[in-house]
Amino acid sequence: MPTSPPWYIRARLKTRQLLLLVALAEEGNIHRAAAVLNMTQPAASKLLRELEEMLGVPLFERLPRGMRPTLYGDAMIRHARAVVGSLDQAQQEVMGLRAGRLGHVAVGAITSPAVKLLPPAVAELKRDNPGLRVSLEIENSNVLLERLAQDKLDLVVARLFAEHDKLQLRYEPLAGEPVCVVARRGHRLLDAPALSLADLETATWIVPPAGSVLRHRFDLMFQRASLMPPTNVVETAALLFVTQMIEQSDMLAVLAADVAEYYARHGMVAILPLDVPCHMDDFGIITRTDRLLSPAATLMVEALREAGRAVYPGDLGRGASDRR
């Protein structure tokens with residue numbers, strides 16, 4: 001039994017209408033959006049009007065100084081970005097194959113896996129696929145997931161929190177993240193017998209900014225020990241500044257264990273002999289459910305899984321699981 005063609009074929013949906021939706025979302029103005037697409041404003045208005053007539057709903061509110069997407073517009077913009085991004089990805093893959101390359105993968109990672117997991121994974125990937133181009137961005141989870149949603153990253157190694165839209169994301173856990181307290185080499189506390197949190201209550205600390213997950217759990221750690229959270233603090237997320245301050249003062253800092261161990265191996269800090277009752281949530285490989293992974297991104301995911309089995313033995317990385 002013959003089936004009718006999809007609506008977008010029957011309605012003769014144009015690629016330029018999808019491009020116009022994306023441009024309008026980014027520019028907020030029909031004149032600027034038309035200029036971005038090298039068309040006249042009347043032509044852009046006609047394309048938008050035809051699309052709204054196809055769908056039978058208004059996609060944008062016309063305001064005195066621009067345009068704002070409606071609820072329907074937000075939905076169409078999201079899907080238009082996915083289609084345009086997929087077409088860009090297809091062109092890049094074809095051009096890469098034509099040039100004898102395997103393509104390009106853009107990866108984002110939070111700091112801990114960036115220093116421990118990514119180096120062996122990327123080394124393995126490049127060893128087996130020298131023609132594949134890899135780019136890496138290190139940021140916090142919220143920034144990385146925003147860039148993943150914008151198609152600026154193919155996959156990220158990060159955390160998911162309650163506010164993230166898990167229906168659009170596939171999550172494969174890799175490991176948890178314990179925390180260490182670090183000081184300069186030769187610090188008097190390194191030789192302290194039976195060191196406890198009470199011994200550190202009045203120290204000068206370098207801590208993550210207020211509002212961050214690690215800062216909340218750092219403060220909570222002291223409160224659960226019936227202690228006041230330290231108030232003599234310097235707040236920063238800049239690791240370069242943290243290591244410089246640690247080397248040049250008697251300040252203490254709280255760092256993810258993998259990061260602390262990396263700096264300790266290079267003689268920049270020393271880890272205090274303290275079992276820190278504080279840890280971060282697990283992190284893992286995050287990809288989008290509404291996008292197919294490119295061949296390059298698929299190879300990167302496989303390399304991360306393989307490296308994860310060696311780097312985090314017996315931890316969370318025992319296979320994929322979706323948080324939906």
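Modeller: Start with Asp 219 and Arg 215, whose side chains meet in a salt bridge at 3.5 Å, N to O. By salt bridge I mean a side-chain nitrogen of Lys or Arg within 4 Å of a carboxyl oxygen of Asp or Glu. This is a predicted model, where local features need pLDDT of at least 70, side-chain atom pairs count only at pLDDT 80 or more, and totals for chains, interfaces and linings use all residues. Residues are numbered from 1 along each chain as its sequence is written, and side-chain values use heavy atoms, with hydrogens and water left out.

Colleague: Where do Asp 219 and Arg 215 lie?

Modeller: Both are in helix α9, residues 213-224. They sit four residues apart, about one turn of the helix. Helices (H or I, at least four residues) and strands (E, at least two) are DSSP runs, numbered from the N terminus.

Colleague: Are Asp 219 and Arg 215 buried or exposed?

Modeller: Both are buried. The cut-offs: buried is under 20% relative accessible area, exposed is over 50%, partly exposed is in between (1.4 Å probe, protein chains only).

Colleague: What about Arg 224 in the helix?

Modeller: Arg 224 also belongs to α9, but it counts as exposed, at 68% relative accessibility.

Colleague: How many salt bridges does the structure hold?

Modeller: 17. One of them pairs Arg 288 with Asp 290, at 2.9 Å from N to O. Salt bridges with shared partners join Asp 151, Arg 288, Asp 290 and Arg 291 into one network.

Colleague: How accessible is Arg 288, and how accessible is Asp 290?

Modeller: Arg 288 is buried, with a relative accessible area of 11%. Asp 290 is partly exposed at 33%.

Colleague: And which residue does Arg 32 bridge to?

Modeller: Glu 27, with the closest N and O atoms 3.6 Å apart. Arg 32 is partly exposed at 44%. Glu 27 is partly exposed too, at 28%.

Colleague: Which feature does UniProt list for residues 13-70?

Modeller: The unreviewed entry gives "domain: HTH lysR-type" there. UniProt positions are in the numbering used here, feature names are shortened, and annotations may be inferred rather than shown by experiment. In the model, residues 13-70 are 60% helix and 14% strand. The end C-alpha atoms of that stretch are 20 Å apart.

Colleague: Pockets next. What lines the second largest pocket?

Modeller: 29 residues, with Thr 111, Asn 140, Pro 208, Leu 214 and Ala 237 nearest its centre. Elements giving two or more residues to the lining include α6 (111-116), α8 (141-149) and α9. β9 gives the most, with four residues. Domain 2 and domain 3 each supply at least three.

Conventions. On a 1 Å grid over the protein atoms alone, a cavity is a set of points where a 1.4 Å probe fits but cannot get out, and a pocket is an open set with protein on both sides within 12 Å along at least five of seven lines; lining residues have an atom within 4 Å of a point. Domain bounds come from an automatic or database domain assignment.
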